[in-house]
Amino acid sequence: MSTAMMPVNASQAKTLVYCSEGSPEGFDTALYTAGTTFDASSKTVYNRLVEFEIGTTKVNPGLAESWEVSSDGLEITFKLRSGVKFHSTDFFTPTRDFNADDVLFSFDRQRDEANPWNSYVEGASWEYFNSMDMPALIKDIVKVNDLTVKFMLNRPETPIIANMAMDFASIVSKEYADKLEAAGTQGLLNQQPIGTGPFQFVAYQKDAVIRYKAHPNHWAGKQPIDDLVFAITTDNSVRTQKLKAGECHVAPYPNPADIAGLKADDTLNMLEQEGLNVGYLAYNTKVAPYDNPKVRKALNMAINKQAILDAVFDGAGKAAKNPIPPTMWSYNNAIKDDAYDPDAAKAMLEAEGVSGLKMKIWAMPVARPYNPNARRMAEVMQADFAKIGVEVEIVSYEWGEYLKLSKAEDRDGAVLLGWTGDNGDPDNFLAVLLGCSGVGGSNRAQWCHQPFDDLIIKAKQEPDQAKRTAMYEEAQVIFKEQAPWATVAHSVVFMPMSKKVTGYKIDPLGGHWFTGVDLAE
C-alpha cells in the first residue's frame, strides 16, 4: 500500500524541529550564496538536474535520469525524469508535471538580461551564476522535447556536471512563475516557493520560524517525517539550551566551549567531521592602501593566528595558509604561511609610506563552521593591528544586509567571511571567491589579478586532473604572493542532535539535509 493511501492522524504526525542559526535572505535559491539560505530553500523545497549523494560529493541523477556529454565537451544532453510532481499548496495548484520548460526558465532568467524575471527582485545579481562565469560558458540551452534538454557550451568545462548539482541550479516551476507574472505578484516567487523537492513550503514568520511539510508525491517517495520546522535561533548558547531541553532535535554550530558538555549528554549524539571550509579576512584590493600587496602582506604578518585559534575555535580549528582546505585535492602543502612578526609588519608598512591607518573590520553576525565567533575574532585582530599602529573599528550588520553591503566595490576596510565548498572541486573556491568574474559579488576582496585568473580559467577547461592539480598549485602560489586575504582557519564541523534522530548525515559541502531523516519513538 502506498503512503498516499495511509492517512496520518495528527497525533501520529512526526515533526522534526531544526534550530537554524539565521534567517534566509529569500527562498529563490539562485539569487543568493549563503548556506543559511540554501538550507531553507534548495535543500528542502527544490531539486536539481543532478544531485549530490548526501554525505558525499558523488553526483547522482536527480530531475535528469541520465545525461550524455559530447566528445568535444561542448554539448550536454539531459534526459529528464517523467511524472515528477510540483508541490500543490494553498497558494498554487500545478496542472502539469515537471518538464523541459521549467529547466529553460530556471536558467534563462539568470543568463538573459531581457528576461522579465532577470531583475524581478531589487538588486538581483544571480551572484553564483555570474561568479562561476556561466554567462560566458553557456552558449544556449535548447529544448529538444518535453523530456530532453541540451546545454550548448562555448568551451569545455570539466566541473560542469558537479556544478549542475549546486544550489543555484535548483529548478523552479515555470507554470507558477507565469501565474505570478499574470497577477503582477512576481515577488512571491522569492517568498512562497514552489519546487519538486522533498519538503513543501507552508509558512514563514520572519526571523522566527519556517514551516514545511513532506511532499506527499515526491518522485523519490514521501519523507519519513511529516513536518519540518526551522526554529530560527541566532544565539549559539540558546540553540544548545533548546537542544538540551528537547525543544529542537538538531542544532548546528555549537560554541566550541560547549562541545565537551554536549558530548557528555547521554540524550544526545555528536557527529563530527573535518570541514571542507576556510575562514578569511578579505581586504578591499580596490581601495588604497589595500590595493598594495605589500600592505596586505604586512597586515597578514601582524595577525596572531594561534591567539585566534585559542580564543575562537577552542581546539576545533587549524591555521589556514591556503584559500582551499587541506582535505581538498590540489592543496599546495609546500606553501609557507606568513610568519607572525609584528615588528617586521610595522617596518613593512612604514616602508610603503603607510602611517596612522584607520581601518574597518567587518564581523559577521552569525556563527559559521569556519568562524564560530566573528566578533571575538575581530577583537583579536583589533588588538594585533593596534601593535603595529593600525586603529581598527569593528562593524556589523544583520546577516542578509552584511552579505549585500560587503559586495560593494568601494567598501571600506576588510570583511570577515568564509566558505564551505559546494561541489568538492577547487574551482569552487579559487574561481568563485577569487576570480575576476566574482568581483562585485562573491569575490569580496574585489581582486582581479590576470595571471591568477588566466590560470584558473585554463584549469577548469583541462580534463586531466593531474594537469589541473599543477595549475591549482601554481594559483595558490600567486594567491599567497598577492595576499588578497588573510587566510585564518579551517575547522572541524560538529553536529549535535537528539538520540531520537536517525539517518542524519553530515554534508561535507556544509548543507543541512533532512531527506531520509527519521525520528525514533
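**Exercise 1. In which loop does Ala445 lie? Then describe its burial and contacts.**

Solution. This is a predicted model: local features need pLDDT of at least 70, side-chain atom pairs count only at pLDDT 80 or more, and totals for chains, interfaces and linings use all residues. Residues are numbered from 1 along each chain as its sequence is written, and side-chain values use heavy atoms, with hydrogens and water left out.

Step 1. Ala445 lies in the loop between H14 and H15. Helices (H or I, at least four residues) and strands (E, at least two) are DSSP runs, numbered from the N terminus.

Step 2. Ala445 counts as buried because its relative accessibility is 0%. Buried means under 20% relative accessible area, exposed over 50%, partly exposed in between (1.4 Å probe, protein chains only).

Step 3. Leave out residues up to four places away in sequence; Ala445 then touches Ala282, Tyr283, Asn284, Thr285, Pro484 and Trp485. Contact means heavy atoms within 4.5 Å.

Step 4. Met471 is 26 residues from Ala445 along the chain, and their C-alpha atoms are separated by 22 Å.

**Exercise 2. Which residues of helix H10 are buried, and what do they pack against?**

Solution. Step 1. In helix H10 (residues 305-313), the buried residues are Lys305, Ile308, Leu309, Val312 and Phe313.

Step 1. They lie on the same side of H10, because they cover an arc of only 100° around the axis. The arc is that of the directions from the helix axis to the C-beta atoms.

Step 2. These buried residues pack against strand E13 (317-319), helix H12 (374-386) and E17.

Step 3. Now check the ends. Asn304 caps the N-terminal end of H10, with a side-chain oxygen 3.2 Å from the backbone nitrogen of Gln306. Just after H10, Asp314 takes a positive phi of about 50°.

**Exercise 3. Which residues touch the most other members of the largest nonpolar core?**

Solution. Step 1. The largest nonpolar core has 150 residues, and Phe151 and Phe385 touch the most other members. Such a core is a set of buried Ala, Val, Leu, Ile, Met, Phe, Trp, Tyr and Cys residues joined through side-chain atoms within 4.5 Å.

Step 1. Strand E17 (residues 485-498) gives the most to this core, with 7 residues.

Step 2. Another core, of 14 residues, lies apart from it; among its members are Cys19, Val229, Cys248 and Phe494.

**Exercise 4. What is the strand order in the open sheet of 4 strands?**

Solution. Step 1. The order is E1-E10-E9-E8, and the pairing is mixed. Two strands pair if DSSP finds at least two bridges between them.

Step 1. Strand E1 (15-18) and strand E8 (199-205) are the edge strands, each pairing on one side only.

Step 2. E1 and strand E10 (residues 227-231) run parallel, joined by 4 bridges. Val17 stands opposite Val229 in E10.

**Exercise 5. Find backbone exceptions in the loops.**

Solution. Step 1. Recall the rule: most residues other than glycine have a negative phi, and most peptide bonds are trans.

Step 1. Trp126 has a positive phi of about 45°. Its place is in the loop between helix H2 (100-111) and helix H3 (127-131). At 2% relative accessibility, Trp126 counts as buried.

Step 2. Ala483 has a positive phi of about 50°. The loop between helix H16 (465-482) and E17 holds Ala483. Its relative accessibility is 2%, so Ala483 counts as buried.

Step 3. The peptide bond from Ala288 to Pro289 is cis, with omega near 0°. Pro289 lies in the loop between strand E12 (277-283) and helix H9 (293-301).

Definitions and conventions
A polar contact is a pair of N or O atoms within 3.5 Å; within protein, one must be able to donate a hydrogen and the other to accept it, and residues adjacent in sequence count only if both atoms are side-chain atoms.
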